[in-house]
Amino acid sequence: MQTDLLQEARRQAEICNACRYCEGYCSVFPALHAERAFSDGDLTQLANLCHNCRGCYYACQYTAPHEFNLNLPQALANVRQDSWEDLAFPRAAGKAFQKSGVMIALAAVIGFALLFWAVRALATQGGEGFYAVLSHNAMVAIFLPAFLFPLFSIAISLRRYWRQVGAQRLKAVHLVRAFGQAANMRNLKGGHGDGCNFEDEDRFSQGRRMAHQAVMYGFLLCFASTSVATVMHYVLNMPAPYPLWSLPKLLGVSGGLLLVVGCVEMVRLKLRADTSLCAQGAFGGEIAFVGLLGFVGLSGLVLYGLGQTAAMPVLLALHLGSVLALFLLTPFTKMAHGFYRLAALAADSQRQ
Amino acid sequence: MTPAGTNPDVVVIGGGNAALCAAITAAEAGARVLILEAAPKPYRGGNSRHTRNFRCMHQGPLGPLVDSYTEEEYLADLLKVTGGKTHEGLARLAIRTSEACLPWMEEHGVRFQPSLSGTLSLARTNAFFLGGGKGLVNAYYRTAERLGVEVVYEALVTHLELDEDRINYVDYIRDGQTHRVTPKSVVVASGGFQADTDWLARAWGPAARNFLIRGTPYNRGVVLADLLAQDIAQVGDPTQCHAVAIDGRAPKFDGGIVTRLDCVPFSIVVNKDAERFYDEGEDVWPKRYAIWGRLVAAQPDQVGYVIIDAKSLNLFMPSVFPPIKADTLEELAGKLDLPAEALAETVATFNAACGDTSGFHPTELDGVATTGLTPPKTNWARPITEPPFYGYSLRTGVTFTYLGLKVDENAQCAIGDRPIRNLWAAGETMAGSILGQGYLAGFGMTIGTVFGRIAGKEAAAHAN
């Protein structure tokens, strides 16, 4: 990891530890105040606990132009971003994609191209609906590895993370606490429940928390839709297409809507927020990632709406291409933050 | 000028807690309010930026506060620190009103948090602001702007024109241009004069040039001097300031809370000649924090050096800058620019005077004392023997000055024994009316909130 970023975070953490005014904002400060000196692992853990709510920045009497020049949200974001690049497996992919919107866009385009090629090369006769364009077996052949590889990669990264921050043996209770905090985004509530500072300097709002939860739950609903459909296909012998009032459609349509709305709002907020409080150079990668996620949701909805028209094969290739890119890039884009965040929250719950 | 080019009803001079409480109260009473804040926006809020809590009377659990804290207990705590130099009537007014202030603060955007780690002794008496004083200041500016209060930053008020018993106009400079406003009422809440080093040196003596100022560089006392020159009633010892001993590497201004050092009880403190000069273990640190500012101020070059060894390093709150570290006392003396032989002798003499240390207890008066040593160390006296050795330099850090405007229970200023019809004062600039010497944690914010609200109410009533 980059020693200059760690050193700057250490300098700032030591000032924070002598002050302690921000103790009530989030999980970072009680964890920070429990230490006297900060190892690289400690700083990595604090960085991944930080949700960039910015409460501490706007409340800080030592931000520039003060000579202490504190900007803890950015110092921790830099370490966090660096840790994601460094812990990624393979590492080169983390370095290539985390900050680069161009590379993410390129990956999406390659995903589209691959699916267009698959549609042409693996065209089937006799299938129904989407399967008339690309057979179920071909889809599985493409998406099963694209799903398993990221899981494998993330597992290796989380193991590295766990060792680096010096966490103890994981127990169920730690995971329960971590999921509980993620479920309502406790760390974007600001301690007082008024929300975080993001789009309008020191004004507290629930905007970012709501946008984040729309994206998160939207994605989870879409994922649940696919999972339910898989079970229906293989276990219940009920192949697609499914009617609107079926579980896969209900989950998928509501999830897709939430995902699109959440991503649009998230981009809008990010464009208004002060970028000097984010990780340096990560803005393009973040916007591209949110864009890709939103495109997955939008293309899925459009595909559903126009599934009976001549545009369907093109839409299918676009949707599946974006899903492919999203899955494959999961360990190397902002998508990975959810896993690191959960790990950080679980490790933090060991302190209590 | 105000938006329509008209004169405001109320001008509030200053931009900290007291000023904001006055402005909000006046605006809620229907007045058009203009705040003239000397600092640029990032430094707005005066010394309130650096505060962290509000001392509050309460009959039962209230907000973040546990148990109860009665008027009599509060007053007794105040009289203890001020040695009786307290205006009891105004002190009781501040104390009694504090209880109603806390919900008012919450209604106007202030958020509290449980007592900070390392400050559990204050959990019953002091309500801590979430994020500290700048969080409070930010919330009040949001509230004030919502109420239509106009704020002009970098507005340096130079003169208030007194005509018999009323202020006729207020002059201020902004961007090199002089502006004049003619409000109906004026509230002065622009703090003391501690950031004017020349004034401080005239008042205290030349040693004051070596003092550090813990708070804002914008409290230069310009308005205070202007009003006192027009014979407006003053209060408080003009030569005195509240000062504590802080990390000698702190910035000249605005170092704030982080520059405090809590290691003195576990140390020996020497001057630049490597000689001890006071009992480091006289009492628990919070009770002795303040006297060390004066003790260091009385030493040559106004500097002291704290010497500890490895066994004491983790007994106190972490410092903002890491301590100077050395494997031998000689090396430490070199790094601190102290005479090495003299330091070795002082430490050896001290070590020889230490006795049985088995009763050592870092958080209680443990009676582990030196024998036959002058000055003695009466608690926590353990020999300094275990390398590495650590050192900090200490300097005098000024918190606030006592000289101020004398006000009555309506926060109204006076000339002779006649009240000035349209001039009120709140916060640090009139705190000397209550606090003759010493300081009680969180009481400055109580005075600012209580008298800010009174001043705002009276100023708006006069304007209407």
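Helices (H or I, at least four residues) and strands (E, at least two) are DSSP runs, numbered from the N terminus, and the expected span of a helix is 1.5 Å times one less than its number of residues. This is a predicted model, in which local features need pLDDT of at least 70, side-chain atom pairs count only at pLDDT 80 or more, and totals for chains, interfaces and linings use all residues. Residues are numbered from 1 along each chain as its sequence is written, while chains are lettered from A and ligands numbered from 1 in the order in which they are written.

**View 1. Helix 8 of chain A, residues 136-164.** Its 29 residues reach 42 Å from first C-alpha to last, close to the 42 Å expected at 1.5 Å a residue. Just after helix 8 of chain A, G166(A) adopts a positive phi of about 70°.

**View 2. The buried residues of helix 8 of chain A.** P150(A), S153(A), I154(A), S157(A), L158(A) and Y161(A) are buried (20 or more other C-beta atoms, placed from the backbone, within 10 Å of the residue's own). They pack against helix 5 (72-87), helix 13 (312-329) and helix 14 (337-349) of chain A.

**View 3. The contact between chain A and chain B.** Chain A contributes 25 residues and chain B 27 residues, contact being defined by C-beta atoms, placed from the backbone, within 7 Å. Helix 1 (3-19) and helix 4 (55-59) of chain A each supply at least two residues of the side that touches chain B. The largest share of that side, five residues, comes from helix 1 of chain A.

Definitions and conventions. Two residues are in contact if their C-beta atoms, placed from the backbone, lie within 7 Å. A residue is buried if 20 or more other C-beta atoms lie within 10 Å of its own, exposed if 12 or fewer, and partly exposed in between; C-beta atoms are placed from the backbone.
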